[in-house]
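Today I am opening my notebook on charged side chains and how they pair up. Come and look along with me.

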Amino acid sequence: TEDVPHIVDFGLARREAGEVTMTLEGQVFGTPAYAPPEQVRGDANQADGRSDVYSLGVVLFELLTGERPFRGNIQMILQRVIYEDAPSPRSYNGNVPQDLETICLRCLEKVPSKRFQTAADLRDDLRRYLEGVPIHARPVSSLERGKKWIKRHPTTSLLVTCIVLLTITAVTGISWQWNKSVTAQRNHAHTQVTSVLNAEPQ
């Protein structure tokens, strides 16, 4: 249709009908900095509308901070997109409102099911922000962040757990020994005092 703009991605996105596109299984197409984890891994069958939500999240991050979430050479970016959580926009620009950061990071979730499920859902939450009403997206809890960290760093988390357990064991042992020593000294002092009090006058 004349005078109507069209967006052409040359098959980088997968349509709902599932027809063949230029995105081939096991290969990475598109700009790495804007590509979602499932596309970077080469899982073409996993790419859908939520993949576009991720890319919109990168654009929003860039608008808010002037930076992309992940920087470096191509290999570094690909690794970070897959394994690292997006940084906080507020860590780059402290003037970014909390709600906008929450919306942005919701778009950039690694797991598609945790993102906005459609671009319309993203649009609606942005409208709620602009209208000054509560948004639907919620910040990631500390517990959830901890679970993500453990999942991404199983060896390190196991090492940290072992160190903490050893520290607790050591502190418990030292405390027990100290209490035992104090009790022994107290009993010894009590015995001496009792002996002095019970001693017959010379």
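Is Glu84 buried, partly exposed or exposed, going by its relative accessibility? I looked it up: Glu84 has 38% relative accessibility, so it counts as partly exposed. My cut-offs are under 20% relative accessible area for buried, over 50% for exposed, and partly exposed in between (1.4 Å probe, protein chains only).

A note on what I am working with. This is a predicted model, where local features need pLDDT of at least 70 and side-chain atom pairs count only at pLDDT 80 or more, while totals for chains, interfaces and linings use all residues. Residues are numbered from 1 along each chain as its sequence is written, and side-chain values use heavy atoms, leaving out hydrogens and water.

**Entry: the count.** I searched the whole structure for salt bridges (a side-chain nitrogen of Lys or Arg within 4 Å of a carboxyl oxygen of Asp or Glu) and found seven.

**Entry: Glu84 and Arg80.** These two form a salt bridge, with the closest N and O atoms 4.0 Å apart. Arg80 is partly exposed, at a relative accessible area of 25%.

**Entry: Arg128 and Asp125.** Here I found a salt bridge whose closest N and O atoms are 2.8 Å apart. The two residues are three apart in helix 6, so about one helical turn separates them. (Helices are DSSP runs of H or I, at least four residues, numbered from the N terminus.) Asp125 is buried, with a relative accessible area of 0%.

**Entry: Arg115 and Glu38.** In this salt bridge the closest N and O atoms are 2.9 Å apart. Arg115 sits in the loop between helix 5 (98–107) and helix 6 (119–131) and Glu38 in helix 1 (residues 37–40), so the pair ties together parts 77 residues apart in sequence. Both Arg115 and Glu38 are buried.
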